[in-house]
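Hello,

Here is the structure I promised to pass on to you. Please have a look at it first, and then read my notes below.

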Amino acid sequence: MEHFSTHVVHNAPICERYHVMKLGWPPRFAPPLPGQFLTIQPPPGTGALLRRPFAVSDYDPLLSQIEIVYERRGSVTRHLAACRTGERLDILAPLGRPFPEPTGNARPVLLAGGIGMGPMFFLATSLLTRNKNPVLILGARDSTLIPELPLFERIDIIIATDDGSRGLHGTSIDALHSFETDGNDMNTEYFACGPMPMLRALALHADQTARKCWVSIEQTMGCAVGACMGCVIPVHGGNGYARVCTEGPIFDSREIAWT
Ligand SMILES: Cc1cc2nc3c(=O)[nH]c(=O)nc-3n(C[C@H](O)[C@H](O)[C@H](O)COP(=O)(O)OP(=O)(O)OC[C@H]3O[C@@H](n4cnc5c(N)ncnc54)[C@H](O)[C@@H]3O)c2cc1C
Ligand code: FES
């Protein structure tokens, strides 16, 4: 984990409420891995104290840059949306455990729900580079929350919207069912990030179909480095709890005591 100040290289909206930000990554640091996250110190004037976590959505070793995709939600993300090229941000990274490699020759099926798309884009790019033939299922509330990205030209992608305004009419889980009933019910492994109800439904489906399933959990955080216990979730085994910031954010879905 590194603590450093870096500059904004690029910052722009990619759809209705989501933005992409590229930041300089000192080349001497070990590269971040898909599933890992960073935290940003709230800049002065935001009125916020706690560092804000964001999943890494890409890493470019040639340009020494990392990327996040973020949603404008409150004071810090509103401030980020107004940041200009060259502005400096205080970063802690890389944090948390990354996604594991797909098992054997299982085809990776990646599910992204809403702003959970960031870490799935990074994993998709990394799997494509290594010829692992991933499928990306992207679910959103409506078409205004679906960006157009160069990645989509290179990957098998299924888009689903709750209101049917783009792609399949339904959730990302409906899209997964339709993908599987279309003759793709083979040796697959799930990787997902999105809202808890989506992750819970996917974990249940993975149990019923005896597939491996890895989920990225987003939990409100305090320190983000394992000290405050502010981010725990109930798990099976141990003392019944795991810290999302250090034992996660990536978990085997069977580890989690879904409530
Ligand atoms: C491991 C991890 C990875 C994350 N990755 C991303 C990412 O890639 N992109 C992204 O946009 N966000 C991500 N988040 C969530 C992000 O940290 C929050 O959106 C951010 O902290 C909001 O800060 P704010 O000051 O703008 O809003 P705040 O003023 O803190 O909150 C505004 C509103 O958003 C709600 N909110 C805040 N955090 C969350 C959350 N985690 N889940 C649901 N609602 C929340 C609050 O309850 C409040 O209603 C991640 C969180 C975690 C724990
Ligand atoms: S946020 Fe402090 S222990 Fe995870």
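Predicted model: local features only at pLDDT ≥ 70, side-chain atom pairs only at ≥ 80, totals over all residues.

**What I found**

Residues are numbered from 1 along each chain as its sequence is written, chains are lettered from A and ligands numbered from 1 in the order in which they are written, and side-chain values use heavy atoms, with hydrogens and water left out.

Helices and strands here are DSSP runs, numbered from the N terminus (helices: H or I, at least four residues; strands: E, at least two). Helix α2 covers residues 117-129, and its 13 residues reach 18 Å from the first C-alpha to the last, close to the 18 Å expected at 1.5 Å a residue. That expected span is 1.5 Å times one less than the number of residues. Twelve of the 13 residues of α2 are buried, among them M117, F121, F122 and L128. Buried means under 20% relative accessible area, exposed over 50%, and partly exposed in between (1.4 Å probe, protein chains only).

Helix α5 (residues 196-208) has its end C-alpha atoms 18 Å apart, which agrees with the 18 Å its 13 residues should span. In α5, the buried residues are M198, L199, L202, A203, H205 and A206. They lie on the same side of α5, because they cover an arc of only 165° around the axis, taken from the directions from the helix axis to the C-beta atoms. P197, D207 and Q208 are exposed on the other side of α5. The buried residues of α5 pack against β8 (107-113), α4 (172-184), β12 (188-193) and β13 (213-216), where contact means heavy atoms within 4.5 Å. A210 follows α5 and also has a positive phi, near 55°.

Now for the ligand. Ligand 1 is surrounded by 17 residues, of which the closest are P53, V69, E71, R73 and T77; a residue counts if one of its heavy atoms lies within 4 Å. Polar contacts (pairs of N or O atoms within 3.5 Å) include these:

- A polar side-chain atom of T77 is 2.4 Å from an oxygen atom of ligand 1.
- A backbone N or O atom of A55 is 3.0 Å from a nitrogen atom of ligand 1.
- An N or O atom in the side chain of R52 is 3.0 Å from an oxygen atom of ligand 1.

Taken alone, ligand 1 exposes 880 Å², and the protein buries 72% of that (Shrake-Rupley method, 1.4 Å probe).

Best wishes

Conventions: Polar contact = N/O pair within 3.5 Å; in protein donor to acceptor, adjacent residues only side chain to side chain.
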